[in-house]
Amino acid sequence: MSTSVTLGCVALDCPEPYRLADFYGKLLGWELDPDSDDEWVTLVNPDGGADISFQRDPDYRPSTWPSNERPQMLHLDFTVGDLDAEHQRTLDLGARLLDDKPETFRVYADPDGHPFCLCAC
């Protein structure tokens with residue numbers, strides 16, 4: 001089936017879009033879209049795939065994963081070649097480790113509490 005629908009971006013709600021975009025920009029090595037503003041900041045995917053955007057939400061409350069009090073609604077998986085090498089760099093950028101039990105991936109929370117995974121799968 002052919003369709004003209006494509007994925008343009010994944011948008012994360014957050015209290016400070018530039019701050020969270022800075023975290024992911026450093027994690028991924030992506031640059032900010034110069035048309036970003038205080039309400040909507042976009043990191044441009046240099047490979048031409050979907051971008052990641054950050055939308056200001058002053059009432060944002062982070063997920064409490066693994067508790068379901070405020071469940072995660074979405075999480076991002078990032079593929080890495082060397083999980084151990086990227087682990088400390090990710091923590092140094094401001095992520096918090098949530099689960100390191102699986103052998104092929106680790107679960108983190110970004111500075112605003114969105115869960116994401118580094119995967120060497």
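The buried residues of helix H2 (residues 83-92) pack against H1, strand E6 (96-99), strand E7 (105-109) and E8. Buried here means under 20% relative accessible area with a 1.4 Å probe, protein chains only. Helices (H or I, at least four residues) and strands (E, at least two) are DSSP runs, numbered from the N terminus. The model is predicted; local features need pLDDT of at least 70, side-chain atom pairs count only at pLDDT 80 or more, and totals for chains, interfaces and linings use all residues. Residues are numbered from 1 along each chain as its sequence is written, and side-chain values use heavy atoms, with hydrogens and water left out.

The buried residues of H2 are Leu83, His87 and Thr90. Seen down the helix axis, they fall within an arc of 80° (directions from the axis to the C-beta atoms), so they line one face of H2. At the start of H2, a side-chain oxygen of aspartate 82 reaches to within 3.2 Å of the backbone nitrogen of aspartate 84. Just after H2, glycine 94 takes a positive phi of about 120°.

The largest nonpolar core holds 20 residues. Such a core is a set of buried Ala, Val, Leu, Ile, Met, Phe, Trp, Tyr and Cys residues joined through side-chain atoms within 4.5 Å. Tyr24, Phe54, Leu76, Phe78, Phe116 and Leu118 touch the most other members. Helix H1 (17-28) is one of the elements that give two or more residues. Its share, five residues, is the largest.

Tyrosine 24 is in contact (heavy atoms within 4.5 Å) with residues beyond four places in sequence, including Leu12, Leu43, Asp110 and His114.

Methods: Buried means under 20% relative accessible area, exposed over 50%, partly exposed in between (1.4 Å probe, protein chains only). A polar contact is a pair of N or O atoms within 3.5 Å; within protein, one must be able to donate a hydrogen and the other to accept it, and residues adjacent in sequence count only if both atoms are side-chain atoms.
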